[in-house]
Structures are given as C-alpha cells and as structure tokens.
Amino acid sequence: MDKIGILAELNEKQKEACQIIEGPLLILAGAGSGKTRTITYRIAYLIASGINPINILAVTFTNKSAEEMKQRVQSLIGDRSNFMTMGTFHSICSRILRKHAELLGFTSNYAIYDQKDSINLIKKIISNLDLPKETFKPKRIKNVIGKLKRELVSPEQYEKSAYSPNMLKIAIIYREYIKYLKLNNSMDFDDLISKTVLLLEKYPEIKLYYNNKFKFILVDEYQDTNRIQFKLINLLSDVYNNICVVGDDDQSIYSFRGADIENILSFDQVYKNTKTIRLEQNYRSTKYILKAASSVIVNNVERKGKTLFSDWKNGEKLNLIESYSSMEEANTVMEEIKKLNKRGVSLGNLAILYRTNAQSRSLEMAAQKFQIPYIIVGSVKFFERVEIKNIIAYLNILANPKDNMSLLRIINVPTRGIGKKATQTLEFEAHFKGKSILDIIPNIASMDIPSRSIKAINNFYSMYIKIKNNSKNKGVRKTIEIILEETDYIDKMYNKTDPESVSRIENIEELLNSANEYDIINENGNIETYLQQVSLFTDIDRWKEVSDRVNMMTVHSAKGLEFTGVFVVGAMDGLFPHIINLESNDKIEEERRLFYVALTRAKEYLTITYSRTRDFHGSINPSIPSRFIKEIPETLFKNKPYFKYDNSLLEEPKDNIFETNIDNNLAIHPVFGKIRVIKTTGNGDQKRAYI
DNA sequence: CTCTGCGCGATTTTT
DNA sequence: TCGCGCAGAG
Ligand SMILES: Nc1ncnc2c1ncn2[C@@H]1O[C@H](COP(=O)(O)OP(=O)(O)OP(=O)(O)O)[C@@H](O)[C@H]1O
C-alpha cells in the first residue's frame, strides 16, 4: 500500500499524526480512539515515505501486541517491515544486552530471573543472613530493591542514605542479591532496563550506534512507562529526537510497577518542541457504554481532561446484576452469556473481567457446570508451572552453567538421593571459592559429604555431561526430549492414572510443541535465545483469540483489548476498588482508572455484577456494591438495582450480623439463613466467620 | 534422605 | 482456602 492508501483508513487527526514524521510527538487520547491503530499506521507511513525499516523501533506493552502490530504493518506495506525492531521494553533491552553483556561483567548467555525466582533468591539471602522474615518480608524487600534499581541507586548509595537499622539490613540484602545474580550470570526484570541504561550512559559510542540505528522511536501505552524507561528512550532518541509517544493518562494502571503518570503529563515540557495531537472520536463503544465510562472517570482529579465522542448507536443499556454469593454471581454470568450467545455473539467475542485472579475459580466452576467453553488468561501462568519451570531449569544450566538457582532447583528432581545437607555443602563450597556449583562438582571428593551422596552427585554430573554432549546443536525440542529421556522425568514424576499428572504431562507436551515451533521459525536460534525469549513470555502472549471460547482475565491483562460483550464481575467495595487501595486518594484514583479500563473494553454489551457477600479464604463476609457503580447515572442501566446503596452505607460498611447473632455455633445469616459457624477470627469489622 | 501431615498466615495487579 | 515451612517417622 502507498502513502495515500494508508492514510485513507484514518480520520483527520490520525492522518495528521502520521504525517508528522520528525521531532517529538505526543498523541494523547481516550480509550478506543485509535491510538494503537494510529501508531501502527504511522509506522507503515514512515516506511512508505522511504524511511528504512531498520531505523524504526516500536515499543509495545506486551509481546503479543508487538506481534500483532508487526503483522498489521506487514499487511500494509509488505515484507520490508521484517527489518524493524518491535517488542516490549524488556525484550528489546534483553536483545541489546545480549550483544554487550561482556562490558557489564556478564556473558551473552545470561539467564533472566522472573519475579518468583527473584523472591526465592531474596528469601534465601534473608535466611542466610539470619534475619527475621517477619520484619523482612521477601516480597516487600523485592519491591524495595526493584524500586532502587529503577532509580539507579546502588546498595552503597542506599546504605549511605539509610536512617534506620532495618534500612541498613536491606542494603546488605540488596548487595548480596546483586552479588548472587552476577555470580549466576543472571539478571532480573529490572536489571534488563537499568543495565541497558547504564550501558548507554557509560559507552557513548554504543549510545551513538543505537541512536543511529533507531532514528525513529514509537512507544505505545506510554502512560504506563516508568522513569527508567523514559530515561532509556530519552537516551536512544538523544541525537535525532524523533520520538512519538502514545497514551491515555486515564488508563495508567501499573503504578505498582513504578509506572509514573508524570511521564506522559510532562512529556511536552521535557521535549520543548513537542507537537500534541488529541484523538477525540471513539470507534469502539456504543454511546451508552462510553457515557457510563466517562461518568466514572470524571471523578478523578489528577488528570488532563479529554473529550471523547462516539458516532455509533446508543446501543443497549448496561446490565446491573446483584447476587447473594460469588457462586450465584458466576452462574448468572453464565446464563447471560448463553443469552448473548443465542443472540449471535460468539463466545470468543465475550470477556469476563475481574480485579483479582482468585475470582476466576468460581467462574471456572460455573462455566464447567454450564458447559461453556472458556479460556482463563494469566492466573496460573504457563511458564510458571512447576513442571515447565523444572524443564526450563534444566535448559538454563545447559545454556548458562553458572546458574546455581536453576541447578539447585533440579539437582534432586526427580529425587535422586541428593538431599538438603549435601546441597548446602555444595552451595557453601561454591560460595566460598567464588565459583559455580557445576564448577566445583569435579572436586567433590575433598568435601565433607557422605559417600552415598557423593555417588548420587557424580551420577547426576555424568548425566549432565551426557545431556550436554548429546544435545549440541540439536535444536530446543530435541534437547528437551533428551532431558526427559535421560532423567526419566515422566515415569519418575507422574503416575498416568492420576488426572493431575495427566494434565502436567499435557503441559510438557505443549512445551515440546512450542519449542518445535521456535526451532522452525528461528533457523539459527539456540537455547540461549530461546530461554531469553520465553523468560519474558506472559500468559497473554500465548492467548489466541481464534478459538471460540469465553475469555476470562484480570482487568490488567485486558488492557488494550476489545470485546463485543464484557462482564465486569465482583464490583464490590473492598474488591473493586480493592481494600488495599482504599487508604489514599491516589490509590483510589488508580482503581477508578482500572474500572474505566474495564468498562471501555466493551463494544456493545456491558454487564456489571456484584455480590452481597465476598469470599475470603473460605470465610464469607457481607459486602456492598462498588462505589464506582454509583458514579454511573442510573438512567444508563436497563434495570434499577434492587439494592439501595447510599452514602451512609458506604461510610458504615460494618455488618454486625456475625457479632450479634453467633450463638452455639449457629447463626442466622441475612443471606444464607441458618448457618453453622466453625470458627471465627478477628474482631469488629475484621471479624470473619468460617461456615 | 524422603515423605507426610499439621499449623500458620495471607488479603492485588505483572513485565 | 490454600500454599508454605517445618517436624518427625520410616
Ligand atoms: N479511523 C478509524 N476508522 C475506523 N475504525 C477505527 C478508526 N480508528 C480506530 N478504529 C477502531 O477503533 C477500535 C479501537 O482502536 P485502538 O485499539 O487503536 O484504540 P486505542 O486508542 O488504542 O484504545 P485503548 O486506549 O483502549 O487501548 C479498533 O477496533 C480500531 O480498529
């Protein structure tokens, strides 16, 4: 397609955005206004204008959207597009780091640790340092360290600024953590970005090289970038300043990962000659849906106001459904899905969106009961399943023998008589000598380890060598097959009559298939790049829309997607907005943005459901509808809510039922009638009853 | 060294 | 409710 053809599929504002080829460009626009479409077409337009695709860098939020964007551009301007660079910040940085790892004291086969790996490592460090894990909660420490990395604060700097003994301890954990990662030739997610920034800052010639390579930079979902990501694109675009960012401040929902809304709000102050384009027409949703979403988001104070209109039909009003329990809620949703399906909406065009992954349980049960095909995105992520992680750990030690974390993960899986004592000694010796465990195993005879274990370890080591030799240049799939064979993994781990085992074996087969796909697509691929790729994979990346199944996912995962019909479930105060974010206005505003994102995923049909009770780890608690529902004008609902909620209820959410009526382990519950109370915990509004 | 079972604590979102 | 860490028996 030529330039004219490309522009023909855009509105005036969108065209204008394409035709501004040079200089800083900010596209600020509401949901469904075609931001992603504009950026995609702009890339095609750049190429059609004679710009070399090699000089284009596009950053997307997920691997999947990068893939989609790539295909869309290809369909517009053909195979030339193959030469551009597209991906998430993390995948782009990992590719850059592969080339220059040595300059940072790593090698190109470095492993990437995910959140869980990092937390496990921190746990270990905390216990090695004999620190109480109640004060030093691994997850919290990980967050602190992540934040420090994103701000490029070193352990030494942090130590200097510490003003409490606990902060000094954290500085030590941080230092140990970095040391351990380096020794393992591994990086965590934050390292990928921050080390790339350090690389560009430290080596002007490398910075210049990438400036010349990526002369045109585009960033989608810019509202969810963090400061260091800004720093990165700032460095990359330093020479040419051709930087186009696209986003919607109302859809910033990743502050917990450091996303800073300031990035988009002050873009035009940082880049003085920024041109700003606002897209105001929504092409996605009916008028009623758009009106509902707008009435919610206007309650936020910290925002750049935007106009957003739709030329489409009014459409159907919103459905508001009240239930007594999450199970009933889930069942009702399934009934509604059947109805919409009968009216011609295919299951694949429907989505159930929720605040937390735990909510998918009752939905899954209901879908099975109603025999509705479904797909859950995200809750138990494919590459985080034990069976998959174990095999990946085997691959990791082949690709990166320094990776002690992976080695320790599988040295006794399947069990082969290498116990805690023996592995601890190995770990200690390795640490003492500053070497990796695989390095020191050949000297095992000199260590204080019982002979039975020595034998087991030696057997493991010769198996490792055998796998390593046999799998050389054999492709990823074959390598995994060799691992499975040599370790006798399936037979030793699973029993084929147990349904749990069957599903795990199926997952392993799926891994083999995807490895095979990788081998075919990447002719000169290798295990190292395969691993670096899959380490950055998320569940949404594996998600294929083609199958006709109802989609279930968190609102976070649904970012950027659209569906004909959307069900927003669990709209109760304390769940959505989540209780943990009720303390400050900032946090409530982010919950509101999240709710806004949820509503704006819908094209034609939108249903909001809530339940009068909320499940919490087996206990059931009374709850009231989300405050966000109240922000939608009642006239936009098909049906008036049965439940009258008002301010007094919002301010006084306590329900004293459990306190007053518990007697002889029997209580009268307003919803369930007579119940038996098994135990209660907490007091006042913390009181929980297990029934 | 391995396996099982019991008690405890936790509230979210994910590249 | 569920996933963990730990103790204690085989
Ligand atoms: N000019 C246009 N003509 C027809 N359809 C359009 C136009 N622009 C956008 N659309 C359609 O509107 C829908 C939303 O577009 P897109 O996903 O690009 O919006 P967005 O602004 O990125 O949304 P969000 O902020 O919710 O991620 C898509 O189905 C897209 O094809």
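Which residue in β15 is the bridge partner of Ala351?

The model is predicted, with local features requiring pLDDT of at least 70, side-chain atom pairs counting only at pLDDT 80 or more, and totals for chains, interfaces and linings using all residues. Residues are numbered from 1 along each chain as its sequence is written, chains are lettered from A and ligands numbered from 1 in the order in which they are written, and side-chain values use heavy atoms, without hydrogens and water.

**Figure 1. Strand β12 and its two partner strands.** The bridge partner of Ala351 in β15 is Val566, and in β14 the bridge partner of Ala351 is Asn551. Strand β12 (residues 350–354) runs parallel to strand β15 (residues 563–568), with four bridges between them. Four bridges also join β12 to strand β14 (residues 550–554), again in parallel. Strands pair if DSSP finds at least two bridges between them; strands (E, at least two residues) and helices (H or I, at least four) are DSSP runs numbered from the N terminus.

**Figure 2. Burial of the side chains of β12.** Five of the five residues of β12 are buried, that is, under 20% relative accessible area (1.4 Å probe, protein chains only). Leu350, Ile352 and Tyr354 point one way from the strand, whereas Ala351 and Leu353 point the other way.

**Figure 3. The shell around the ligand.**

**Figure 4. Polar contacts of the ligand.** A polar contact is a pair of N or O atoms within 3.5 Å. Oxygen atoms of the ligand lie 3.1 Å from a backbone N or O atom of Gly34, 2.9 Å from a side-chain N or O atom of Thr36 and 2.6 Å from a side-chain N or O atom of Glu562. The protein buries 81% of the 630 Å² that the ligand exposes when taken alone, with areas from the Shrake-Rupley method and a 1.4 Å probe.

Conventions: Polar contact = N/O pair within 3.5 Å; in protein donor to acceptor, adjacent residues only side chain to side chain. Buried < 20%, exposed > 50% of the residue type's maximum accessible area, 1.4 Å probe, protein only.
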